[in-house]
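Hello,

Here is the structure I promised to hand over. Please look through it first; my notes follow below.

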Amino acid sequence: MQLYNTLSAKEREVLIEQAGKERLTISFYRYAHIGNPHIFRNHMFLAWDALEVLGRIYVAHEGINAQLSVPAENFQAFKAHLDSISFLQNVRINIAIEQDNKSFLKLKVKVRKKIVADGLNDATFDVTDKGIHVGAELFNELIEDPDTLLVDMRNHYESEIGHFKNAITPDVDTFRDSLDIIEQELSEFKEEKKLVMYCTGGIRCEKASAYYKHKGFKNVYQLEGGIIDYARQVEAKGLENKFLGKNFVFDHRRGERITEDVIAQCHQCGKPCDTHVNCANEACHLLFIQCDSCAEKMDQCCSSECKEIYALPEEEQKKLRKGMTVSNKIFKKGRSEALLYKKSPEATVKPIFTSR
């Protein structure tokens with residue numbers, strides 16, 4: 001019984017090209033109490049592998065978080081499988097605005113301690129006791145209310161390329177960093193202000209809404225379906241789009257264009273740009289913003305040092321990175337000292353929030 005992916009990304013890419021069939025990039029999540037995540041994980045892998053589903057899925061005692069690529073012809077069968085699971089019946093599925101048949105090239109279903117790392121160790125914190133979900137129309141009304149605090153629950157490299165007008169954008173590297181910072185900075189407003197949050201697809205806001213209710217905030221709201229569904233709703237209903245720029249996504253696309261506004265800049269030359277790339281030097285793999293001219297000049301690298309390494313034969317590169325920890329990939333998204341026009345964390349420590 002095959003319970004793990006056996007094809008490389010390149011092999012899968014060839015198969016997708018040969019098939020020539022449309023695929024849908026989708027995502028969903030659901031907080032629930034799963035008794036045995038390992039058994040549940042194996043069940044999901046077997047069912048989805050048979051449907052040629054690819055993607056990155058996390059399963060934990062607290063629920064499931066899935067970002068997937070599904071053959072369009074298999075979507076209804078995939079949805080029927082979800083509906084056959086009690087706590088996933090009629091789960092909201094976010095369908096990407098910009099499709100890419102190669103958004104995911106492997107099926108990875110992993111058991112984690114939590115589906116969203118939060119750094120919390122609070123046994124009295126119930127993640128299913130969430131705040132009020134609001135659609136795009138009510139969200140637009142709420143964020144115009146002077147008694148509303150609109151908070152972006154994403155990380156700095158996400159909000160840098162796109163965010164809602166007048167949102168508070170914490171200058172943090174991880175979701176776990178933001179939870180206590182927001183609670184401390186906004187604690188004086190727990191009683192009288194409306195705390196309205198948004199994120200990519202809703203999963204971080206849902207956990208945050210439950211956490212802030214637990215911490216005593218009285219009026220807690222979250223954008224239903226996150227930025228992904230908001231963009232779909234404003235187009236379908238003819239609403240004013242209050243988002244600016246791109247929505248960062250966690251697949252090979254790295255971003256979806258929501259509006260034509262370019263609010264970020266190339267981290268190397270400072271020109272308007274909102275295209276995220278990874279440094280071509282695999283020993284670095286730094287995520288940063290790079291324009292086309294700098295990509296050509298720097299061979300898609302973040303620094304002269306990385307450019308020199310990338311120019312070496314592949315075998316020499318492998319020798320140099322053998323045994324190295326790829327720290328940039330995890331901890332230094334857009335923060336490298338080699339980037340002259342990066343967002344500076346020192347510039348926004350006081351106050352911790354930057355309203356853009």
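The largest nonpolar core has 30 residues. A nonpolar core here is a set of buried Ala, Val, Leu, Ile, Met, Phe, Trp, Tyr and Cys residues joined through side-chain atoms within 4.5 Å; buried means under 20% relative accessible area with a 1.4 Å probe, protein chains only. Among the residues with the most contacts inside this core are Phe-28, Trp-48 and Phe-78. Elements giving it two or more residues include β1 (23–31), α2 (37–50) and β5 (107–111). The largest share, five residues, comes from α2. Helices (H or I, at least four residues) and strands (E, at least two) are DSSP runs, numbered from the N terminus.

This is a predicted model: local features need pLDDT of at least 70, side-chain atom pairs count only at pLDDT 80 or more, and totals for chains, interfaces and linings use all residues. Residues are numbered from 1 along each chain as its sequence is written, and side-chain values use heavy atoms, with hydrogens and water left out.

A second, separate core has 28 residues, including Tyr-58 and Met-197.

Now the sheet. Three strands form an open sheet in the order β8-β12-β13, with antiparallel pairing. Two strands pair if DSSP finds at least two bridges between them. The edge strands, β8 (162–164) and β13 (255–257), each pair on one side only. Three bridges join β12 (residues 243–248) to β13. Phe-248 has Gly-255 in β13 as its bridge partner.

Best wishes

Key. Buried < 20%, exposed > 50% of the residue type's maximum accessible area, 1.4 Å probe, protein only.
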